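Here are my notes on the model, point by point. Have the viewer open while you read.

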Amino acid sequence: MSYSLLLKGARVVDGTGAPWFDGTVAVRDGTIERVLSDPDPDLTADTVVDLDGLAVAPGFIDAHSHSDLAPFGGSPFEPKIRQGVTTEVVGQDGLTMAPLDDDRGDEWIQYLRAVVGEADDGPSTWETTEAYLNAIDEAEPPANVAMLAGHGTIRMQVLGMSSATPTESELEEMENLVARSVEAGAVGFSTGLEYFPHRHADTTEVRRLAGQLSDSGLPFVAHIRSYSRDMWTALDEFVDIGASEEIPVHLSHFKLGGDKSGLHDRALELARAARDRGVDFTADLYPWIPGNSILSALLPPWVFDGGTEKMIERLADEETRAQIKGDMEANDGSWDIAWENLIISHVGSSENEHVLGRTLGEIAEKTDTDPFELMCDLLVEEDLEVAIVTLNPAETAEEDIRVVMQDERVALGSDAIMGKHSHPRMYGAYPKILGTYVRELNLLSLEEAVRKMTSLPARIYNFEHKGLVRPGMDADLVVFDPLNVTNRATVDDPHNYPQGIPHVLVDGEFIVRDGERTEATPGRALRS
């Protein structure tokens, strides 16, 4: 019997968590047709690749991605592909590219350009979720993209950057936008309650919007209100919504910051308690201590009211700056401010590229400038397009990562955003798991790590044909060397591809072969 592709001599890590086995994977027309532990010598194929003992696994599914505009040139696909990622779940933190009309869309992109970039040609936002998903298909990306309906985008469409509580009719309009996005193919609903404008949402608003998932089985995905000072209250709010609406809940980037660092046992106990209540609780995690966000997220909530142009006016005004500084010194911002822990990872212009990779504290000291004034100047000069890597000096931060990573409910996601000096997770999240935490530290078995990268996120997002090396599944596959796969990206030098991942396939086509990117573009939009 002839196939389009045979991967023989493989160590098959099938995504279930079961022990690997030696075998051959046979592919025809983009689908895995047979997985054989004792291959028939009469099997033939158009292409036969002898893997000589390398591991073959399902293509990695990035459970938390910000590659919303990657199909259109807004941010690079290749760093993710070269890690073995074949499917990305975008629309995270409530920040999506649809549904938005043109007037709202221009302002939205100005606010989020430091996260998602901007399309090279054509629109960067779309009026409907259906239009966005259709545009992905038309763009023919190399990898697959699935989209969450985004709270912030929907609130922006109805209320703009206002801090107002929606009226009943406005809330119903927002509910309808969530419902229509799910009908069009969104794979869940996301929020990010430390970001704007949805930071202003009360629990009733969040619950009613998430409640549009009640009959779908799709997850409510949340960057909760706090991962530090108010984390326990924020987790309670999140789980209570899942319980009241009878929907799965998925916690974005499970982490503990500030005074909660080191309290992983209590956080995990809350996750276990949620499941004891009958709430389908899962989470994702990225394997780095530093975080990554936009610089404007440090600002007090009132600065955002009225939109981006109003924000820039406030930041440029001397008297308003004094009020902003007072609020931040009173710790009314999103994070505790330690300027020496904030690395500039992206600026939009070439004029300010000299600040990339340096902390705000270091730049301020060398220029004899107040770091707060430096922050405001950068945001004004760059029209808000500034991103940061946030260091976490807590001694317990690495222990938190290691303990949370081992929990069976926790999947893996990169949370990578674009940047001229990006966070290393853009280039190395998955090889770091395989190289550091599996091979070197032995915290996870190879099989369990692969499950967290494949079948677990596929189950969370209801991807019925992804995440397993089994007959009938899509032939999204990654080939890697368990003995040599290594992350080469660091905070100081982030733009390095990993080693030990020679082949990546989507729909049975090589998008990376022998360590080099091919011209194949078999990816598509995945719809619920």
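1. The crossing of α10 and α12 is right-handed (left-handed if the near helix is turned anticlockwise from the far one by less than a right angle, right-handed if clockwise). Helix α10 covers residues 318–329 and helix α12 covers 371–381; their axes come within 11 Å and cross at roughly 125°. Axes here are lines fitted to C-alpha atoms over the stretch in contact, with angles from 0 to 180 degrees between N-to-C directions. That makes α10 and α12 oblique to each other, given that under 35 degrees counts as roughly parallel, over 145 as roughly antiparallel, 65 to 115 as roughly perpendicular and the rest as oblique.

2. Who meets whom there? On the α10 side, Arg321, Ile324, Lys325 and Met328 make contact with Phe372, Glu373, Met375, Cys376, Asp377 and Val380 of α12 (contact means heavy atoms within 4.5 Å). By class, the α10–α12 contact has 6 nonpolar, no polar and 4 charged residues.

3. A caveat on all of this. The model is predicted, with local features needing pLDDT of at least 70 and side-chain atom pairs pLDDT 80 or more, while totals for chains, interfaces and linings use all residues. Residues are numbered from 1 along each chain as its sequence is written, and side-chain values use heavy atoms, leaving out hydrogens and water.

4. Helices (H or I, at least four residues) and strands (E, at least two) are DSSP runs, numbered from the N terminus, and two strands pair if DSSP finds at least two bridges between them. Strand β1 (residues 2–12) pairs parallel with β4 (44–50) over 6 bridges, with Lys8 opposite Asp50. With β2 (21–28), β1 pairs in the antiparallel sense, also over 6 bridges; Leu7 has Val25 as its bridge partner. The pairing of β1 with β5 (55–58) is parallel, over 2 bridges, and puts Val12 opposite Val56.

5. Now look at the open sheet of 6 strands, ordered β9-β10-β11-β12-β13-β17 with parallel pairing. β9 (149–150) and β17 (410–412) are at the edges with a single partner strand each, so one side of each has no neighbour in the sheet. Strand β13 (281–285) is joined to β17 by 3 bridges, and Leu285 stands opposite Leu412.

6. Beyond four places in sequence, Val404 touches Phe254, Leu256, His264, Leu268, Leu285 and Val410.

Notes:
Ala, Val, Leu, Ile, Met, Phe, Trp, Tyr, Cys and Pro count as nonpolar, Asp, Glu, Lys and Arg as charged, and the others, Gly among them, as polar.
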